[in-house]
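Welcome! Take a moment to look over the sequence and the model, and then let us walk through them together.

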Amino acid sequence: MMMRLVLFCAILSVSFAYSGYKQYIPNGRNVPNPCPHGKATWSAAGHTDSHGGGARNLFGMDFASSAHVWTHDLCMTDSDLDGKRNGEELGDPHCKWSPGQTPDSAATGHPGICEPINDPKCQSVNLHIVC
Ligand SMILES: [Ca+2]
């Protein structure tokens, strides 16, 4: 019984660790999944696996570098090198969003996955993405 409780708490804390960052980026709970098949949203925008977890993607590395804070610089950066700034993709085109506010618009792209996902220009960037 005690072991089950410890395991349950461990799983719960891991889940919170992932979901905790979503509130620190605009539309963090509604980042579109650019994969051709699968669910509509990407679980953890900063990671390579669509279900959450895996290594950090390019946006995840930039987000970690800014101490997990949505800064003007992070907003203006095009982490995934697809020609669209992170703020543009996450619905904060003017880089004025802060936690707790409603973003200007819905997210239109994924800040850590070069899109269109199968475009030749994106192949080297998307090498470790797991749909
Ligand atoms: Ca981009």
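The paragraphs below move from the metal site to the core, the aromatic rings and the disulfides.

This is a predicted model, in which local features need pLDDT of at least 70 and side-chain atom pairs count only at pLDDT 80 or more, while totals for chains, interfaces and linings use all residues. Residues are numbered from 1 along each chain as its sequence is written, and side-chain values use heavy atoms, with hydrogens and water left out.

Let us begin at the calcium ion. Its protein donors are Asp-78 (OD), Asp-80 (OD), Asp-82 (OD), Lys-84 (O) and Glu-89 (OE), at 2.1 to 2.5 Å from the ion. Donors here are N, O and S atoms within 2.8 Å of the metal (3.2 Å for Na, K and Ca); water is not among the atoms, so sites may look incomplete. Along the chain, the calcium donors show the spacing D-x1-D-x1-D-x1-K-x4-E. Both Asp-80 and Glu-89 are buried, where buried means under 20% relative accessible area, exposed over 50% and partly exposed in between (1.4 Å probe, protein chains only).

Next comes the interior. A nonpolar core is a set of buried Ala, Val, Leu, Ile, Met, Phe, Trp, Tyr and Cys residues joined through side-chain atoms within 4.5 Å. The largest one has 17 residues, and Ile-25, Trp-42, Phe-59, Trp-70 and Leu-90 have the most contacts inside it. Two or more residues of this core come from each of helix H2 (58-65) and helix H3 (72-76). Helices (H or I, at least four residues) and strands (E, at least two) are DSSP runs, numbered from the N terminus. Leaving out residues up to four places away in sequence, Phe-59 touches a list of residues including Ile-25, Trp-70, Leu-74 and Leu-90; contact means heavy atoms within 4.5 Å.

Which residues do ring pairs link into a cluster? They are Tyr-21, Phe-59 and Phe-63. Rings of Phe, Tyr and Trp (its six-membered ring) pair if their centres lie within 6.5 Å; planes under 30 degrees apart count as stacked, over 60 as edge-to-face and the rest as tilted. The structure holds two such aromatic pairs. In one, the rings of Tyr-21 and Phe-63 have centres 5.8 Å apart and planes at 90 degrees, so this pair is edge-to-face. It links distant parts of the chain, with Tyr-21 in helix H1 and Phe-63 in helix H2, 42 residues apart. Tyr-21 is partly exposed at 37% relative accessible area, whereas Phe-63 is buried at 6%. The rings of Phe-59 and Phe-63 have centres 6.0 Å apart and planes at 10 degrees, so that pair is stacked. Both residues sit in helix H2, four residues apart, about one turn of the helix.

Finally, look for the disulfides, each a pair of cysteine sulfur atoms within 2.5 Å. A search of the whole structure finds three. Cys-35 and Cys-131 form one of them, with sulfur atoms 2.0 Å apart. Cys-35 lies in the loop between H1 and H2 and Cys-131 in the segment after helix H4 (86-89), so the pair ties together parts that are 96 residues apart in sequence. Cys-75 and Cys-95 form another, linking helix H3 with the segment after H4. Cys-114 is joined to Cys-122. Counting bonded cysteines along the chain, the disulfides follow the pattern 1-6, 2-3, 4-5.
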